[in-house]
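Trainee: I would like to learn how to read the features of a model like this one. Please take them one at a time.

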Amino acid sequence: YPRFNLLRWCLSNVLVYSIVVSLIKAISILLLLLVIITGLVGVSDPNQNFAPTFVWIIWWVGMAFASALVGNIWTFVNPWAAGFEWFESLFRRITGRQELSLKLPYPEELGVWPGLLLFFFFSWAELVYTEAAFPIRLAQMTLAYSSITWIGMMLFGKEKWLSHGEAFSLVFGLLARFAPTEIRVVGGSTCVSCTAACSNV
């Protein structure tokens, strides 16, 4: 059905500027670190801690609605993808090698089952696990998911894992299909200078 491409609106073109994309990614990574730090060393009361409110209300509910209304903005704000890009950039400077990932062949028969399984555990934690609201448990789960995601990217490549194993890229990408608007470039030449890698996800 017809959609309105936000990048055809001149003011929204600022989204593809590298400095804006970098700033968005930096804020996203800082929020991820804030969730982990406040969960581990912050107050134990879920009502007074930043982590539970941000994860379960602002991020999960907010990002789901935003994806369904605006489009796949998770491509821009995914902290695990941005964090891996930073690790890879640092790795290049230290070792001189081009890629941090081993680029192992992904078992295509697995499809998106890894991402679906991870989302199942997330849903179980949200709906069944009684300690999911406790900040320290939330921080531990975030650390576990971060480790799985970054290991997957290191083994199979960032784009491959985002499209097969990163649960929230799959979920928010699915919800974005309902959006009346989208963020999509028409010409491939624009993608050459952009670091969002949305064409690969």
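Trainee: Among contacts between residues at least 6 apart in sequence, what percentage join residues at least 24 apart?

Mentor: Contact means heavy atoms within 4.5 Å. Among contacts in this chain between residues at least 6 apart in sequence, 76% join residues at least 24 apart. The model is predicted: local features need pLDDT of at least 70, side-chain atom pairs count only at pLDDT 80 or more, and totals for chains, interfaces and linings use all residues. Residues are numbered from 1 along each chain as its sequence is written, and side-chain values use heavy atoms, with hydrogens and water left out.

Trainee: How many helices and strands does the chain have?

Mentor: Helices (H or I, at least four residues) and strands (E, at least two) are DSSP runs, numbered from the N terminus. Here there are 9 helices and 2 strands, in the order β-α-α-α-α-α-α-α-α-β-α along the sequence.

Trainee: What share of the chain is buried?

Mentor: Buried means under 20% relative accessible area, exposed over 50%, and partly exposed in between, with a 1.4 Å probe and protein chains only. Of the 201 residues in the chain, 39% are buried. Take Phe76, found in helix H3 (residues 74-77): its relative accessibility is 8%, so Phe76 counts as buried. The C-alpha atom of Phe76 is separated by 6.9 Å from that of Val21, 55 residues apart along the chain.

Trainee: Which residues have the most contacts inside the largest nonpolar core?

Mentor: A nonpolar core is a set of buried Ala, Val, Leu, Ile, Met, Phe, Trp, Tyr and Cys residues joined through side-chain atoms within 4.5 Å. The largest one has 32 residues, and Trp59, Trp60, Phe168 and Phe172 have the most contacts inside it. Helices supplying at least two residues each include H1 (18-41), H4 (79-95) and H6 (135-156). H2 gives the most, with 8 residues. Leaving aside neighbours within four places in sequence, Trp59 is in contact with Phe54, Ala64, Trp74, Phe122, Phe168 and Phe172.

Trainee: At what angle do H2 and H8 pack?

Mentor: Axes are lines fitted to C-alpha atoms, for helices over the stretch in contact, and angles run from 0 to 180 degrees between N-to-C directions. For H2 and H8 the angle is about 40°, with the axes 7 Å apart. Angles under 35 degrees count as roughly parallel, over 145 as roughly antiparallel, 65 to 115 as roughly perpendicular and the rest as oblique. H2 is therefore oblique to H8. The crossing is right-handed; that term applies if the near helix is turned clockwise from the far one by less than a right angle, and left-handed if anticlockwise. On the H2 side, Trp59, Trp60, Met63, Ala64, Ser67 and Ala68 meet Phe168, Val171, Phe172, Leu175 and Ala176 in H8.

Trainee: How does H2 pack against H5?

Mentor: Helix H2 (residues 50-69) and helix H5 (residues 113-127) pack at about 130°, with their axes 13 Å apart. This pair is therefore oblique too, and H2 passes H5 in a left-handed crossing. Trp56, Trp59 and Trp60 in H2 meet Phe119, Phe122, Ala125 and Glu126 in H5.

Trainee: What is the phi of Lys103?

Mentor: Most residues other than glycine have a negative phi. Lys103 is not a glycine, yet has a positive phi of about 55°. Lys103 is found in the loop between H4 and H5 and, at 46% relative accessibility, counts as partly exposed.
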